[in-house]
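Notebook open, model loaded. I'm jotting things down as I look them up.

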Amino acid sequence: MFTDLAVPSIAQIIRKGADYLSVEGIPNARLEAEVLLAHALAMERIQLYMRPDQIISLKDRERYQEALVKRGQNMPLAYITGSKEFYSLDLHVNENVLIPRPETELLVDWLLALFSDGKHWHLNNIVELGTGTGAVTVALAYNLLKAGHKDFRIYATDISWAALQVARENIERLQVGEVIELFEGDIYRALPESILSKVGVIVSNPPYIPSGDIGGLAPEIREYEPIGALDGGVEGLDFYGPILDEGRRFLVDGGRVLLEIGDGQGRQVMDMAAKLGYGDIELHADYGARERMVTARWR
Ligand SMILES: C[S@@+](CC[C@H](N)C(=O)[O-])C[C@H]1O[C@@H](n2cnc3c(N)ncnc32)[C@H](O)[C@@H]1O
């Protein structure tokens, strides 16, 4: 890729890399070319601007080229660099986990708001179902600990052992292990009986893409992200019934459920919650008026 450059400098190979990504149809080609070069050189992106004339060694060029080719084949940037920012935290990611999305930060906002008024500390046993990278659990724990709270516990589950390894790494990276326990299993299956009727909040961003829509997703998603993190069954709603139904055994009176949903799924999820006896059921939309979350109170 860089053979026509005699002594390639940072500025030159960024240009080449951006051209390559652009031809491969990658949007934001220039920005991504810079991110990939910074990753290959193990430096911050800003440092590239400070040394545009620095000559790049053959080994570094090869590493950069490898990354560009992966990106050209639609591998998401986060899987190539192994990291993704979520709630201003730098999380480790790999192909065994869904890349945390910015909209999921709304769940963390809601949880932090719940605990911020000091009136809800009796809800301090929190369960997260389908933790993946651990994004929600880690961001919540990190921010509560930073605010000086220690009196809470998060029980996070996932059916994927490989995903839990990523969550574990993020928990260690952010040093929040003192308040988190991880469990491998189907929805609630692996959780200890000792927390039955003692859970204050159940939070989940379950797989919610209708099976038939998976094939129409962007190649970055459908070819690389784990299908088990995406596929929510025929209507995309398979997880909500069991989460709400069985959740009733775990929740304390007044306990909350907080579920990320796909746009257009709000009505059905709210109906399920109502039929199962939940109250204070609310649908939350984002700034673009897309349905994002349903919250409910147990009794
Ligand atoms: C949409 S991803 C959400 C990941 C992460 N919580 C986030 O918000 O970025 C759904 C997660 O649920 C997990 N999952 C799928 N089926 C499950 C099940 N039956 N029980 C527990 N977790 C499950 C997947 O492995 C995946 O990590």
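How far apart do the C-alpha centres of domain 1 and domain 2 lie? I get 35 Å. Domain 1 covers 10-73 and domain 2 covers 83-298; these bounds come from an automatic or database domain assignment.

Ground rules before I go on. My numbering starts from 1 along each chain as its sequence is written. The model is predicted, so local features need pLDDT of at least 70 and side-chain atom pairs count only at pLDDT 80 or more, while totals for chains, interfaces and linings use all residues.

**Sheet.** I traced an open sheet of seven strands, ordered β5-β4-β3-β6-β7-β9-β8, with mixed pairing. At the edges I find β5 (180-184) and β8 (278-285), each of which pairs on one side only. From one strand to the next, the twist averages 15°. For the labels: helices (H or I, at least four residues) and strands (E, at least two) are DSSP runs, numbered from the N terminus. Two strands pair if DSSP finds at least two bridges between them.

β4 (residues 153-158) pairs with β5 in the parallel sense, over five bridges. Tyr-155 has Glu-181 in β5 as its bridge partner. Helix α11 (residues 266-275) packs on the sheet, where I see it touching β7 (251-260), β8 and β9 (291-298). Its direction makes about 165° with that of β8. A contact here puts two C-beta atoms, placed from the backbone, within 7 Å. Axes are lines fitted to C-alpha atoms (for helices, over the stretch in contact), and angles run from 0 to 180 degrees between N-to-C directions.

**Hairpins.** Leu-283 stands opposite Val-294 in β9. This hairpin has five residues between its strands, and Ala-289 in the turn has a positive phi of about 65°.

I also checked β1 (residues 83-86) and β2 (residues 89-92), which are antiparallel with four bridges. Ser-83 has His-92 as its bridge partner. Two residues separate the strands of this hairpin, and Tyr-87 in the turn has a positive phi of about 50°.

**Helix pair.** The axes of α6 (residues 105-116) and α7 come within 10 Å, crossing at roughly 35°. I noted the crossing as right-handed, meaning the near helix is turned clockwise from the far one by less than a right angle. On the α6 side I list Leu-107, Val-108, Leu-111, Leu-112 and Phe-115, which meet α7 residues including Val-136, Leu-140 and Asn-143. By class, this contact has nine nonpolar, one polar and no charged residues. (Ala, Val, Leu, Ile, Met, Phe, Trp, Tyr, Cys and Pro count as nonpolar, Asp, Glu, Lys and Arg as charged, the others, Gly among them, as polar.)

**Ligand.** Which residues are closest to the ligand? I find Gly-130, Gly-132, Ile-159, Asn-205 and Ala-229, out of 23 that surround it; a residue is near if its C-beta atom, placed from the backbone, lies within 6 Å. α7 (135-146) and β4 each supply at least two shell residues. The shell divides into 12 nonpolar, nine polar and two charged.
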